[in-house]
Number of protein chains: 2
Amino acid sequence: MTTRCFLNGRIVDQQGAGIALSDRGFTLADGVFETIRFRAGAVVDTQAHLERLAGAMECLAFPNLSNNEYDLARHLEDTREANGMAEGVLRLTVTRGRGLRGLAPAPDAVPTVCITAGQLPSRPDSFTAHISTRTRRNEFSPLSRIKSLSYLDNVIALQEAGECRADDAVLLNARGNVACFTAANLVARFGKDMVTPPVGDGALPGTVRRRLLERLPITEISLTPADLERADEIISTNSLGIRRLSAIGDGILPPERKLFDAASEIYRGMV
Amino acid sequence: MTTRCFLNGRIVDQQGAGIALSDRGFTLADGVFETIRFRAGAVVDTQAHLERLAGAMECLAFPNLSNNEYDLARHLEDTREANGMAEGVLRLTVTRGRGLRGLAPAPDAVPTVCITAGQLPSRPDSFTAHISTRTRRNEFSPLSRIKSLSYLDNVIALQEAGECRADDAVLLNARGNVACFTAANLVARFGKDMVTPPVGDGALPGTVRRRLLERLPITEISLTPADLERADEIISTNSLGIRRLSAIGDGILPPERKLFDAASEIYRGMV
């Protein structure tokens with residue numbers, strides 16, 4: 001079956017679709033996106049994703065899409081349906097649209113909106129991580145708090161992890177505190193205390209992180225790499241699921257799963 | 001006349017050309033670029049640009065393009081000629097190519113290579129700047145030292161400058177030292193001393209900066225915002241030219257132009 005995508009108002013074949021060479025999403029990473037799971041034929045937590053996207057667009061002073069007659073919740077569902085899939089993942093990308101040369105946006109730029117669908121990644125529940133030394137998260141930038149197209153630091157950290165035979169990387173911020181994994185939030189448990197790095201430390205305000213903060217007594221507090229070494233349990237959370245960290249660097253974590261089980265139950269209940 | 005561009009080995013009409021929705025340059029800013037001037041029908045300082053591009057590609061572990069039979073110097077000249085322009089600017093972009101979902105590159109990814117041509121911007125020799133408070137340059141990231149597609153912090157800083165009625169912004173790094181303008185290096189003069197922020201402070205190793213360091217007794221040294229206030233002269237340098245800063249925030253700079261004149265002469269002599 002041909003892959004179908006949503007591009008600027010219409011469902012089209014992805015094969016023949018293209019982004020203009022002058023699109024600022026391509027030339028300057030001037031755009032934002034959401035990765036959204038769908039399950040049993042329904043898109044999960046749509047409003048949380050669309051709220052975060054709207055916040056990111058406001059941060060970058062993008063025009064309001066509803067003025068351009070977009071109904072993103074419907075377009076997400078349409079894209080899922082056009083691909084005839086019950087389980088999978090959608091990516092919704094919005095850029096500032098075509099640009100002229102240079103950094104200043106064209107005054108009449110119209111945002112580019114695209115939605116693509118893909119299979120859920122198949123991966124084990126547990127994973128290992130390396131603490132990145134090659135790059136850091138920039139907590140002084142508003143980009144650390146929105147899901148923009150600027151993902152290259154995360155790619156670099158993941159490459160370094162691969163060279164160290166780890167599955168993922170932990171990114172530290174400029175001050176040396178823990179921020180996140182390359183594509184997921186980090187939550188740790190120390191005995192009865194559950195903690196996660198605050199957004200001010202460079203943690204993206206993840207949608208699953210949000211639901212866990214609503215349902216579990218998790219405290220937002222700065223964590224150091226040394227703190228991670230003495231954790232009883234560490235999990236990663238993103239829209240694709242909850243995973244359990246089995247080792248960080250040379251340190252093996254205890255085989256406990258209280259936090260993992262509690263978070264997984266909340267994740268499975270998300271609609 | 002139709003705009004022509006170079007895309008993956010061929011000169012084509014830019015109007016009909018497109019980048020795949022799965023291109024990692026579009027989805028993750030996973031690419032690098034160069035902005036290159038041409039003058040009197042000749043591309044300026046081609047080798048310096050191609051050396052910097054090669055360094056950036058190596059930093060990101062991109063495959064070597066010459067293995068894919070690219071001759072970038074020739075493709076730059078071909079693109080200029082195809083547009084029948086004697087004066088203007090080329091943008092050469094190389095991305096990691098198409099990707100799967102997620103951050104890990106596809107093992108068989110083939111880089112996307114495109115070159116577009118444009119007019120030189122028309123702008124006065126002097127400009128004003130605001131010191132950005134909204135974002136910072138991340139000197140802990142290798143991206144501060146290569147010209148990657150991650151340009152959104154610079155866009156944010158330029159937006160803030162516009163709201164403050166300034167033409168451009170000075171970006172500070174995480175430590176609070178001066179790094180650069182949004183799309184240019186910064187060189188300052190204090191009496192007989194000429195200085196520019198070191199690459200370790202988040203300054204991009206600009207090609208014009210490189211030529212000035214070779215020809216003028218400029219010292220690479222950290223600068224604070226307070227230093228800028230007492231400068232006798234500040235200039236911006238990039239491949240499109242040398243400009244003179246007339247005011248920074250509320251402070252007016254002296255109307256001196258020794259550094260500006262010396263740098264402009266070197267710039268005009270670049271071939």
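## A tour of selected salt bridges

Begin by selecting A:Glu256 and A:Arg189, whose side chains meet in a salt bridge of 2.6 Å, N to O; the term denotes a side-chain nitrogen of Lys or Arg within 4 Å of a carboxyl oxygen of Asp or Glu. A:Glu256 lies in the loop between β15 (251–252) and α7 (258–269) of chain A and A:Arg189 in strand β10, so the pair ties together parts that are 67 residues apart in sequence. Helices (H or I, at least four residues) and strands (E, at least two) are DSSP runs, numbered from the N terminus.

This is a predicted model, in which local features need pLDDT of at least 70 and side-chain atom pairs count only at pLDDT 80 or more, while totals for chains, interfaces and linings use all residues. Residues are numbered from 1 along each chain as its sequence is written, chains are lettered from A and ligands numbered from 1 in the order in which they are written, and side-chain values use heavy atoms, leaving out hydrogens and water.

A:Arg189 is buried at 5% relative accessibility, and A:Glu233 is buried at 1%, whereas A:Glu256 is partly exposed at 29%. Buried means under 20% relative accessible area, exposed over 50%, and partly exposed in between (1.4 Å probe, protein chains only).

Next, select A:Asp45, A:Glu51, A:Arg210, A:Arg211 and A:Glu214, which a network of salt bridges links.
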